[in-house]
Amino acid sequence: MSAAVWTQSLRKEFTLGWGRGRVLAVEGLDLEIKRGEVFGLLGPNGSGKSTAMKMILGLLRPTAGRAEVCGNLAGTLAARKQIGFLPENPYFPAFLSGLELVRYYGKLCGLGGKALEGRVAELLSLVRLGGEAGRRPLRTYSKGMLQRAGLAGALVSDPEIVMLDEPTAGVDPAGSREIRDLIRELKERGKTVIFSSHLLEQVEDVADRVVILHRGQKLREGRLEDLLTMSGEWQVRARGLGEAQRRELHAWLVQHGAEVLGEGSPRERLEDYFLRNLPERERR
Ligand SMILES: Nc1ncnc2c1ncn2[C@@H]1O[C@H](COP(=O)(O)OP(=O)(O)OP(=O)(O)O)[C@@H](O)[C@H]1O
Ligand SMILES: [Mg+2]
């Protein structure tokens, strides 16, 4: 079976007006994203994540190279049909409710009648905007709720691939976790999820594989676990050690020729701390 997304030597060069030269946004990018995979595009601002996504979507024409979606040339109708997209800074008419937004997207995909209403209700409940929340105008939504409404819209055509450009940008820790839980849920439903982020911690516990971009080029690629494991080092976490035993342990390490790189109480991630200290009813 063809890959969900396949690119070869993908390149995008923007020509700036008024003789201001060119910007090489993506250069020689080879990707192979398998079906059912959760794939993260990582990299700092301006590293080419959005540009790469737009070429895969067919919203931008590559300067050179090729991109295919489920075996179809990117940009063709057959390719576009496979992808649901949540853009980086989505614009939603603020007077619509979440429900109306998703219904509108559904109509654009040619859905209607009972099938559409059923689908809208199912998606709103998936993104936890069922009931009252879904009927409120978007202008009353938080950033996290807006992202979830947009995600429901991206899913309305039941696409094979879901592409999310910085889905957690500007969203607080609890909201980010909800979005990551949704990504996991989509994976369980057999979807391929491709998303970008400039925050490594946002992808750590959800991506199966990542590519790290730098100035439009692939810096590293692989399973995060493999990329992040420092195999030359060893870490022990223990409870119940007294002061004397700690000194003894330290002495033992030095005596056996180890270079002690760090010692002390481990720190929790701020996000986990925050979520752990939320009132019970707000935890999920
Ligand atoms: N339409 C455009 N015209 C000219 N240059 C562009 C255009 N779009 C993007 N660029 C440039 O291409 C490079 C890559 O931009 P891109 O938006 O793909 O990066 P990104 O990784 O998505 O960044 P961010 O994390 O800020 O969203 C940047 O140098 C950017 O200024
Ligand atoms: Mg971007």
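Analyst: In α1, 9 of the 9 residues are buried, so α1 is largely enclosed by the rest of the structure. A residue counts as buried if 20 or more other C-beta atoms lie within 10 Å of its own, as exposed if 12 or fewer do, and as partly exposed in between, with C-beta atoms placed from the backbone. Helices are DSSP runs of H or I with at least four residues, strands are runs of E with at least two, and both are numbered from the N terminus. The model is predicted: local features need pLDDT of at least 70, side-chain atom pairs count only at pLDDT 80 or more, and totals for chains, interfaces and linings use all residues. Residues are numbered from 1 along each chain as its sequence is written, while chains are lettered from A and ligands numbered from 1 in the order in which they are written.

The buried residues of α1 are K49, S50, T51, A52, M53, K54, M55, I56 and L57. Just after α1, G58 has a positive phi of about 85 degrees.

The helix also takes part in the surroundings of ligand 1. The shell around ligand 1 holds 14 residues, and the closest are F14, A25, N45, S50 and T51; a residue is near a molecule if its C-beta atom, placed from the backbone, lies within 6 Å of it. Two or more shell residues come from each of β2 (22-33) and α1 (49-57). With 3 residues, α1 gives the most to this shell. By class, the shell has 4 nonpolar, 8 polar and 2 charged residues. Here Ala, Val, Leu, Ile, Met, Phe, Trp, Tyr, Cys and Pro are nonpolar, Asp, Glu, Lys and Arg are charged, and the others, Gly among them, are polar.

T15 is exposed, with 10 other C-beta atoms within 10 Å. The C-alpha atoms of T15 and A174 are separated by 41 Å, and the two residues are 159 apart along the chain.

Elsewhere, helix α3 (residues 98-108) meets helix α4 (residues 113-126). In this contact, G98, L99, V102, R103 and G106 of α3 face L116, R119, V120, L123 and L124 of α4, contact being C-beta atoms, placed from the backbone, within 7 Å. By class, the contact of α3 with α4 has 6 nonpolar, 2 polar and 2 charged residues.

Methods. Axes fitted to C-alpha atoms, helices over the stretch in contact; angles between N-to-C directions. Contact = placed C-beta atoms within 7 Å.
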